[in-house]
Amino acid sequence: MRSLFALFLIAIFPLARAEETRRLAGGTLEVAKREARNGKFADALTALDVIDKAGKSTAESLDLRGCIYLEQEKFDDAIKTFEAAHSAKDALFLPRLHLGDVLFRQRKFDAARAVYERLDQQTNVLMSNEHLRYGVLLARLGAHDEAGAQLAFARIKFPTETPAYYYAQAAWQFAHERKSDARKWLSTADKIFDADATAWFARPLYDLGWLPKKPVIALD
């Protein structure tokens, strides 16, 4: 009986692997994003490898790879990949934003702030500016720079196209030991925006110890 079961496993193992290969074989960016959002980073990287081997890598696929490396705390690899994405398409905003995120994740708050501030001066795209000004605020709070944080906080005005205003309010409350008020702001944001939209804004709150649960990977 055991021999028959062993033969059954041997028979189906190649089929299972073949099915997994077909599932990722599309090698599309959407496949890789889907796997990354589900926390299946190895599968996401496999899908990205398919893209690379086909000679179809793009700034967007490189940026996604960098995001996965960042989640895996492979900081040097993340930096190199974001820089490659920037070189592939220098007008693309996200790889430049994510270079600041690598520094923030390493708790190099002053260096992260410098990246965000420089980018803020270089763009006049509203949603990009909202990300950057929020990044500056969180970097100031992380560095315990109260005066600088007050100035950064004042620059994020209601309304915002992104969750920036709500998360800035929450960050300010967390930083000043008003956790209940902070959670109310987060609850309001969650009623307006979905998890993908809030992920990037939520992550630094988690990194600073203000959120107990790690948000989904931020890809946008």
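The model is predicted.

Reader: What makes the chain's pattern α-α-α-α-α-α-α-α-α-α-α-α?
Author: The chain has 12 helices and 0 strands, and read along the sequence these give that pattern.

Reader: Why is Ser128 called buried?
Author: Its relative accessible area is 10%. Buried means under 20%, so Ser128 counts as buried. Ser128 lies in helix α8, residues 126-142. Of the 220 residues of the chain, 47% count as buried.

Reader: How do you know that Ser128 touches Phe93 and Thr123?
Author: Contact means heavy atoms within 4.5 Å. Leaving aside residues up to four places away in sequence, Ser128 touches Phe93 and Thr123.

Reader: What makes up the largest nonpolar core?
Author: The largest nonpolar core has 42 residues. Phe104, Tyr116, Tyr134, Leu137, Leu138, Tyr167 and Leu205 have the most contacts inside it. The elements that give this core two or more residues are α6 (93-105), α7 (109-122), α8, α9 (146-154), α10 (164-175), α11 (179-192) and α12 (195-207). The largest share, 9 residues, comes from α10.

Reader: Which residues does Tyr116 touch, not counting residues up to four places away in sequence?
Author: Tyr116 touches Leu97, Gly100, Asp101, Phe104, Leu132, Gly135, Val136 and Trp200.

Technical notes
Residues are numbered from 1 along each chain as its sequence is written. This is a predicted model: local features need pLDDT of at least 70, side-chain atom pairs count only at pLDDT 80 or more; totals for chains, interfaces and linings use all residues. Side-chain values use heavy atoms; hydrogens and water are left out. Helices (H or I, at least four residues) and strands (E, at least two) are DSSP runs, numbered from the N terminus. Buried means under 20% relative accessible area, exposed over 50%, partly exposed in between (1.4 Å probe, protein chains only). A nonpolar core is a set of buried Ala, Val, Leu, Ile, Met, Phe, Trp, Tyr and Cys residues joined through side-chain atoms within 4.5 Å.
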